[in-house]
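Visitor: I have a two-chain structure to go through. Please walk me through it in questions and answers.

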Amino acid sequence: MKKNLHRRGLFSLAAAFLLTVSSAATAAGNLGVNGSTTVLPIAQKVAEAYMKEMPELAISISGGGSGNGIKAIIDGTTDIAMSSRFIKDIEVKMAIEKGAYPVPFRVAYDCIIPVVHPGNSVKDLTLEQLKGIYQGAVRNWKDIGGPDRPIVVISRDTSSGTYEVWEEKVMKKEKVYPGALLQASSGAVAQAVSKNPNAVGYVGIGYLNRELKPVKVNGIEGTKTTTLDGSFPISRPLFMFTRGWPEGNTVKFINYLLDPQKGQKYVEEAGYVPLY
Amino acid sequence: MLSARNTREKTIRGLFFLIAFMSIFTLVLIFLFLVKEGVPIFEEVSIRDFVLGRYWYPTSEPPDFGIFPLILASLGVTVLAAAIAIPLGVMTAIYLAEIASRRFREIAKPAVELLASLPSVVIGFFGMVVVAPFLQETFNLATGLNLFNAALMLAFMSVPTICSISEDAIYSVPKELKEASLALGATRLETILRVILPASLSGISTAVILGMSRAIGETMVVLMVAGGAAMVPTSIFDPVRPLPASIAAEMAEAPFRGDHYHALFATGMVLFLFTFCFNLVADQVAHRYKQTGAATL
């Protein structure tokens, strides 16, 4: 009897808890966003602006990587998944098995531009030359048409999203050699390259400034236009996925994000290329 | 009346015990947490491969978790910083305690101690924008962000610690020792080298080791000026990636409770082991060479 009472107490407690949670949800509205740390700055900036317009909505954003985000969509534990890649076939299959139909939204483009010191005469590098430099095979600027000086390779930490693009588009999954100077942020890369005439680095398009000289890749300059028409090779689209066609708060948020006058403005602020 | 007083004594004693216990308890908790989060990595790689592995590619497929270059970097930076900071710190301390006039000492000592209050990020920034280009031009190097630059900045940070604690130790050597030495006809130099230094050895060693354990655990400076290349250095002008820099740079982006995350905590364990050994040695030295009055010399 006592045990039974105890259990009933627990049950009513749980029920009360559930009730308060669900009533809070209907009153205020919650939106969960989870996934890629590359897309995270965009989501954060847009969410901040959106929550100012809709103060009763609580948006919680967490970055656990693209794979985790998509998994959360499949399991239905989040509303929106951020991803720096398109969904994989196996993930689609898993989703369908669980009765979820993932819907992709392209939200921005990521464009990574190789940079050198303004005093460096090198203007144009091919993808193969860049790969050679970052593998440690090419060690002097004179081998690629520059002055007779050693190349100092500056890269990003291996866990950053920027590194991920570089690894995929330039290194083709080969490793950056251990002698590369790894910097913890794009700002630090920009700082190190602008102070060192021997250096080469890469930064997101938002980090370009007068103290850095952007290098063309395969003869193509990295700009908003070349990113959007797909001709600049070191760029990629960034996505958000929803579980089924979005409704309610989710669709409102996605619409806000895709609006050229609203969300897309913050995409550029976050250092990415907006869609339009 | 007496019992009321006793209770009060007991309460106060208990209170102090509790407060003292709190810091030890916190330390134990932190250590347990470190072990709990770090140990799972050894299901993926053996301890041997982790400590002696040459490659650190935590996010590749398959990943490499070898922190040998990072350990060497930390040791290299610390040893070089010690080689610069110990002579500077100890000699400054001797000068201030024994040779300088009282007026000069009263100005100089607070000035040296003020150096210790410089935030490490400021020193790191200084190393990055002033020292790095200078080193690069003067020695015609590929990059100024290297082991030597980091060691220089760390030496800069540990000199105040070493100097201040050493000075206290030297200054507190009993006066009669010095007077006796001089009375026996020893010169000032002989007195300093043969009497005062041995008498204050325990304090100076403690100072040196505390200075060094500050250097090995220092994060911001090495993150900013050591260069960050995870390779085994072949010269003091090679860029390196010390343990704390690796942890600080990667922790934010490592997936929670993933292999990379556990590997970083295991790196933290190694670092903790280093500073722990340093402090253990400091404690030993302090006990062994402890001077109690003039009689034991």
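What follows covers confidence, domains, the chain contact and helix packing.

Guide: This is a predicted model, in which local features need pLDDT of at least 70 and side-chain atom pairs count only at pLDDT 80 or more, while totals for chains, interfaces and linings use all residues. Residues are numbered from 1 along each chain as its sequence is written, with chains lettered from A and ligands numbered from 1 in the order in which they are written.

Visitor: Which element of chain A has the lowest mean pLDDT?

Guide: pLDDT is the predictor's confidence in each residue, from 0 to 100. Chain A has a mean of 84, with 90% of its residues at 70 or more. Over residues 1-27 of chain A, however, pLDDT is below 50. Elements here are DSSP runs numbered from the N terminus (helices: H or I, at least four residues; strands: E, at least two), and the lowest mean, 43, belongs to helix 1 (residues 2-28) of chain A.

Visitor: How many residues does each domain of chain A give to the contact between them?

Guide: Chain A divides into domain 1 (2-109 + 237-269) and domain 2 (111-228); such bounds come from an automatic or database domain assignment. Contact means C-beta atoms, placed from the backbone, within 7 Å. Domain 1 of chain A gives five residues, and domain 2 of chain A gives five residues.

Visitor: Which elements of chain A give two or more residues to the side that touches chain B?

Guide: In this interface, 23 residues of chain A contact 29 residues of chain B. Two elements of chain A reach that mark: strand 7 (181-183) and helix 7 (186-195).

Visitor: Why do helix 9 and helix 12 of chain B count as roughly antiparallel?

Guide: Axes are lines fitted to C-alpha atoms, for helices over the stretch in contact, and angles run from 0 to 180 degrees between N-to-C directions. Angles under 35 degrees count as roughly parallel, over 145 as roughly antiparallel, 65 to 115 as roughly perpendicular and the rest as oblique. Helix 9 (residues 201-217) and helix 12 (residues 259-288) of chain B have axes 8 Å apart, at an angle of about 175 degrees. Helix 9 and helix 12 of chain B are therefore roughly antiparallel.

Key
Contact = placed C-beta atoms within 7 Å.
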